[in-house]
Amino acid sequence: MKTLKLIVLSLLSIAIFGCKGEKKESTDQKNNIEVEKTKTDQKVEENETKRVEFDLEPKNDSNVTGKIVFTESEGMVNMIAELSGLEEGEHAIHIHEKADCSSVDGKSTGGHWNPTMEPHGKWGAKEGYHKGDIGNFKVDVEGKGSLTFATNEWCIGCDDDRKNILGKAIIVHQGIDDFTSQPSGAAGSRVSCGGIIQ
């Protein structure tokens, strides 16, 4: 009789622990599926293309207009600028602190966007540069100019204030950025403005 009880207890124990093992295996598989789904969702978000497009408006009694397109994909932000109404030659273009183009002189945008508190300089200079120091572009005899620029030091709407360009402004200047004069390269008056907003 004791032997029979022991056998029954042993079988019950095996059945109970076996079921627990199956439940744990099932739970582990479910957790793995959820982890894989989360990773897939993150990859989709990383591969998502973001886009901001806006027009530039004249400032300081200029006739300078244009269109700016920013796109972000796989950690890179690309900027395409098409401008018209400028004098032939080179002109500076920068990102400024605030997407506020309300003033006639464009100064409502504040200074250059400089979240890392670096000195003004040419983009990529080892001595330092502002995150808004895009540089100069050429304008032809018809007053038209264009610029393409790409960097992984910007983002569109991310949580990193040192990279997020939303809420800033594009300013086109009358003159050339000398990449030396502080704090903004002595590029002259602000002749066109557009807020980077969605």
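The model is predicted, with local features requiring pLDDT of at least 70 and side-chain atom pairs counted only at pLDDT 80 or more, whereas totals for chains, interfaces and linings use all residues. Residues are numbered from 1 along each chain as its sequence is written, and side-chain values use heavy atoms, with hydrogens and water left out.

The protein chain contains one helix and eight strands, where helices (H or I, at least four residues) and strands (E, at least two) are DSSP runs numbered from the N terminus. Read from the N terminus, the order of the elements is α-β-β-β-β-β-β-β-β. Of the 198 residues in the protein chain, 36% are buried; buried denotes a relative accessible area under 20%, exposed one over 50%, and partly exposed a value in between, with a 1.4 Å probe and protein chains only. The chain exposes about 12,100 Å², of which carbon and sulfur atoms supply 52%. Accessible areas were computed by the Shrake-Rupley method with a 1.4 Å probe, and for residues only the protein chains shown count as cover. Among contacts (heavy atoms within 4.5 Å) between residues at least 6 apart in sequence, 60% join residues at least 24 apart.

The largest nonpolar core comprises 27 residues, among which Phe70, Met79, Ile93, Trp154 and Ile170 touch the most other members. Such a core is a set of buried Ala, Val, Leu, Ile, Met, Phe, Trp, Tyr and Cys residues joined through side-chain atoms within 4.5 Å. At least two residues of this core are supplied by each of strand 1 (50–58), strand 2, strand 3 (76–84), strand 4 (89–96), strand 5 (135–139), strand 6, strand 7 and strand 8 (190–196). Strand 3 provides the largest share, four residues.

Six aromatic pairs were found in a search of the whole structure. A pair of aromatic rings is described by the distance of the centres and the angle of the planes. Rings of Phe, Tyr and Trp (its six-membered ring) pair if their centres lie within 6.5 Å, and planes under 30 degrees apart count as stacked, over 60 as edge-to-face and the rest as tilted. The ring centres of Phe70 and Trp154 are 5.9 Å apart and their planes stand at 75 degrees, so this pair is edge-to-face. Because Phe70 belongs to strand 2 (residues 65–73) and Trp154 to the loop between strand 6 (145–151) and strand 7 (168–173), the pair ties together parts that are 84 residues apart in sequence. Phe70 and Trp154 are both buried. These two residues also belong to one aromatic cluster, formed by Phe54, Phe70, Trp123, Tyr129, Phe149 and Trp154. Beyond its neighbours within four places in sequence, Trp154 is in contact with Phe70, Val77, Met79, Ile95, Trp113, Trp123, Lys131, Ile134, Phe149, Lys163 and Ile165.

Two disulfides were found in the whole structure, a disulfide being a pair of cysteine sulfur atoms within 2.5 Å. Cys101 and Cys193 form one of them, with their sulfur atoms 1.9 Å apart. This pair links distant parts of the chain, 92 residues apart, with Cys101 in the loop between strand 4 and strand 5 and Cys193 in strand 8. The link of Cys101 and Cys193 is left-handed, with -75 degrees about the S-S bond, and both cysteines are buried. Another disulfide joins Cys155 to Cys158, with an S to S distance of 1.8 Å. The torsion about the S-S bond of Cys155 and Cys158 is about -55 degrees, and this disulfide is therefore left-handed. Cys155 is buried at a relative accessible area of 3%, whereas Cys158, at 24%, is partly exposed. With bonded cysteines counted along the chain, the disulfides follow the pattern 1-4, 2-3.

Positive phi values in residues other than glycine were found at Asn60, near 55 degrees, and at Glu74, near 50 degrees. Asn60 lies in the loop between strand 1 and strand 2 and is partly exposed at 34% relative accessibility. Glu74 lies in the loop between strand 2 and strand 3 and is exposed, with a relative accessible area of 61%.

Glu90, located in strand 4, is partly exposed at 36% relative accessibility. Glu90 and Phe137 are 47 residues apart in sequence, and their C-alpha atoms are 5.5 Å apart in space. With neighbours within four places in sequence left aside, Glu90 is in contact with Asn136, Phe137, Lys138, Gly175 and Ile176.
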